[in-house]
Amino acid sequence: MSTESHVQTNQRWPQTLVIVGLGLIGGSVALAARRFTGVRQVFGVDVNTEELEVARSLGVIDQGFSSFPDLAHHVDARDVDLIVLAVPVLAMVKVLAQVAQHRGPSTVVTDVGSCKAVLRDAAVDALGSMPPWLVPGHPIAGAERSGVRAAKADLFCQHKVIVTPTAETDPQAVDQVSAFWASMDAEVLSMALERHDQVLAQTSHLPHLLAFSLVDTLARQDERCEIFRYAAGGFRDFTRIAASDPTMWRDIFLANRSATLDALDQFLEGVYRVREAVATGDGDAMMTTFTRAKSARDYFTALLNKTAYQPMNKQDLVFITTPGGRVQGRARVPGDKSISHRSIMLGALANGTTHIQGFLEGEDALATLQTFRDLGVQIEGPNAGRVTVHGVGINGLKAPSKPLYLGNSGTSMRLLAGLLSAQPFDCELTGDTSLSKRPMGRVAEPLRLMGAQLETAEDGRPPLKLKGGTPLKGMHYDLPMASAQVKSCLLLAGLWAEGETSVTEPAPTRDHTERMLQGFGYQVSREGSTVRLQGGGQLEACDIDIPADISSATFFMVAAAITPGSDLVLEHVGVNPTRDGVIHILRLMGADLTLSNETVVGGEPVADIRVRYTPMKGVDIPLDQVPLAIDEFPALFVAAACAQGVTRLRGAEELRVKESDRIQVMAEGLQALGVACTVYEDGIDIVGTSEVTGAVFTQGCVHSHEDHRIAMSFAVAGLRAQGAIKIEDCANVATSFPGFVELATHLGLKLEAKLD
Ligand code: S3P
C-alpha cells in the first residue's frame, strides 16, 4: 500500500515571505520564491549578521533582521503571509515560541527540517499542542555545500517535497504551502509524520551516517594520505555526502534517533551477512546479495531518470492509430511468456546453473524473476534475453522478507501458489488492481485438498496467504475447467507431495510445464488427458532457448491477414500443438498462412510463419480449438470483424476471467467502432464486413481496461479503420510485449503511444 499521496493545487501565493535561517536551504527557498512565485517582499532572520548581509547583497532577501522580535518591530505581522523555518531542528522550540507570539492572524508557517516528529514535539513543548497554522514540510533536495552563497533558485525543481500535516493542521494552510512548493516545479507529496521519519532514516540519514563513518575510519589510519591518494571513483561516489554540514547532521541524528537506530540495525544485519559470505568464501551468497542489489539499483536509476517504460501514472498511456498502412517484412517478436515464467521457476529449483536465452523482458515474467530473487535465488540478467539462474535445489528457497508482489501476472500467482504452498516458510502473494480481481479459488481449493494451508481474500481473490511447513499429499484431481495454470500449480506442488499427483484435463491445455520438467530430468507421464508425477525427485539444470511468443505474434498475423498488400514473416515462433489454435482458426477463415523452418528447440516446436493478405470469411470456431487459442481471441475478434459473414465463438467462458472480461470488453470496443456483435455468457457472435477492402471500423475511442491484449488488438484494428482510434489505458502492454509500438510501426502500422 502506498504511504504517500500527491497534492495538487494552483493558488498564487504568498506576497510577503519571511525566511528564518539563511543557509543553503533557506536561501534557496528565498531565491526560488523570487523566481517562481508572485512574492513581493522577502525578509530574512538569522543570528549571523554577516550571513544576512551576504544574503542582502546577493539579492536573496530584501532586508535582514538578527532576531524575530527585531523583525516584528519593523514589519507589521499582519502583512506576513508565510514564514519558512530553516533553522537546525534543535533550535525549533525557541523559534516556534517567538513565531507564535509575533505572527499575524492569517500567517502560515512551515519548515524544511529533515525530521518531523521533533518539530511536532517542539511545537507541543513551546505551545502546548500542534497549532493549525504550522504545516510540517521537508524538501528532499540539498547539496554538500552549505551557507547562503551556495543557494540556488532551481534547487527544488523536479525534486520531491513532503508535507506531513497532523490531525490538527488546517487543510487550507496545507493547500497554500503545497501550492508554494508546486510553483517552484517541485513534486509535492503528503505523508504521515512518523512514516516520513522512518523513510528518511533509511534513505537519507543512514547513508550520511555511513559516509561520515567510513571516511573517518580511513582518516584515522596512519597511512591515510597514501590511502586517499589511491581512493578513486568508488570511494568518491560512496563518500560524497561526508562533506555535508556536521552540525546539521549531528542535530538530525539527535532528533531522529530511534528510526535511525532501527535502520542502522537492519543495515548491520546485512553487513554481517556479507561479512560471513566473505569470511567463508561463499561466492553464491555474495552473488545472491549483489545481483538482487544491482537489479534494485538499476530499477531505481531508471525511475530517477524517468526512463522506466511505465509512466508514473499507468492509466495515462494511450495508443492512437492513424488509418491506412500495410504490414510487410520479417520480425521476431519477444520470447514466450508462459515458457519464460517456467524457466525461472524450474531453473531456481534445479541443482546447478541454468542458462536461458530468448527470455521475455516484460513485466509479468520480470515479476516472477524478481520473486525468485526475493526467495534467495541468485539470478543474473536479463540482458538482451539472456538470464543465468543459479539453482538452489528443490529445498533451497529462503523465506522472503516481505509480501511477494506479482503485478499483473495471473500465471505467476497461480503457479507460485502451488510451488510455495509446499515450502517450510509462510508467504503472501499480492498483485495490482486487475490481478486482485481474478479468481484464485480454482487453485486454493485443490491445494487445500492436498493438505496446503492457504487463505484468500473474499470470494477467493488475492492476496493469497500461504502457511509454510505443511506436508502435502499427492492426489488425483479432475480439472473443472481447461486451465494450464491450475494444472501447472498442482504439478508444481506435487514435486514436494508424498506419492503421486495426477491431473485430468477436460480439454488439452498448454503443456509447457510438463515439457520443461522433463527437460530438467524430472519424470512426468501422460496417459490420454491425464498427466502424473511422483513427489520427492530432483531437477537438474539445463539450457533453455525460449521461442518467440505465438500470442504476441498473433497481433501481427492478424494485422497481415486483414490488410490488403500485406506480406509478413514472423520468425522462430513457438508452435506447440497446445498453443496453435490461432493458426487453425485463421486457416479455417481462409487466411493465407504458411509455416517453414519447422524444428524443435529445447523440447518446444518452432517455425517461421508467413502471412499474406487474402479475403477471409466468418466461421463457427471449433470447440476443441478454444483452449488452444485462449489468449488469441481478442485479436481473432478483430480478424472476424474483417471477414465476410458471422463468426461464432462458444465454450469460451474462461475469457471472462482473464486480465479483463475479454468478451464484454472486446464487444464494447467493437460496437464503439461500428461492428455489430452479440454477447453470450460463453462467447460472442461477430458480424463481419462485406467489404473486401476499405474501412471496417469507424473512428472512435475504446478502453482496454488494463488488459494488454485488448490494447494491442485494437491497435491492429487501426489498419482497417476509417479514422483515428484512440485506445485508453495501454501501459500494461509492457507486461507481455515490450517494444510493441516500435515493432508495430517498423512493420507498417500507423500507431503512436502517448501520455494523455
Ligand atoms: C497460461 C495459461 C492460460 C493463459 C495464460 C498463461 C500459462 O491461462 O491464458 O495467459 O502460462 O499457464 P489458463 O490456464 O488459466 O487458461
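Predicted model: local features only at pLDDT ≥ 70, side-chain atom pairs only at ≥ 80, totals over all residues.
Accessible areas come from the Shrake-Rupley method with a 1.4 Å probe, and for residues only the protein chains shown count as cover. Leu 268 lies in helix α11, residues 257-279; helices are DSSP runs of H or I with at least four residues, strands are runs of E with at least two, and both are numbered from the N terminus. Leu 268 counts as partly exposed because its relative accessibility is 33%, where buried means under 20%, exposed over 50%, and partly exposed in between.

Let us turn to the ligand. Residues with a heavy atom within 4 Å of a molecule count as near it, and those surrounding the ligand include Ser 338, Arg 342, Thr 411, Gln 485, Arg 510, Asp 631 and Lys 658. Some polar contacts (pairs of N or O atoms within 3.5 Å) can be picked out here. A side-chain N or O atom of Ser 338 is 2.7 Å from an oxygen atom of the ligand, and a polar side-chain atom of Ser 483 lies 3.1 Å from a ligand oxygen. Ala 484 takes part through a backbone N or O atom, 2.7 Å from an oxygen atom of the ligand. The ligand taken alone exposes 380 Å², and the protein buries 96% of that.

In α5 (residues 117-127), the buried residues are Ala 117, Val 118, Leu 119, Ala 122 and Ala 123. Their cover includes α4, β6, β7, α7 and α10. Gly 128, with a positive phi near 90°, follows α5. In α22 (residues 662-672), the buried residues include Arg 662, Ile 663, Met 666 and Leu 670, and among the elements covering the buried residues are α21, β29 and α23. Gly 674 follows α22, and its phi is positive, near 85°.

Finally, the whole chain: 25 helices and 33 strands, with 55% of its 756 residues counting as buried. Its C-alpha atoms fill a box of roughly 90 × 65 × 50 Å along the principal axes.

Residues are numbered from 1 along each chain as its sequence is written, and side-chain values use heavy atoms, without hydrogens or water. Local features need pLDDT of at least 70, side-chain atom pairs count only at pLDDT 80 or more, and totals for chains, interfaces and linings use all residues.

Methods
Buried < 20%, exposed > 50% of the residue type's maximum accessible area, 1.4 Å probe, protein only. Polar contact = N/O pair within 3.5 Å; in protein donor to acceptor, adjacent residues only side chain to side chain. Contact = heavy atoms within 4.5 Å.
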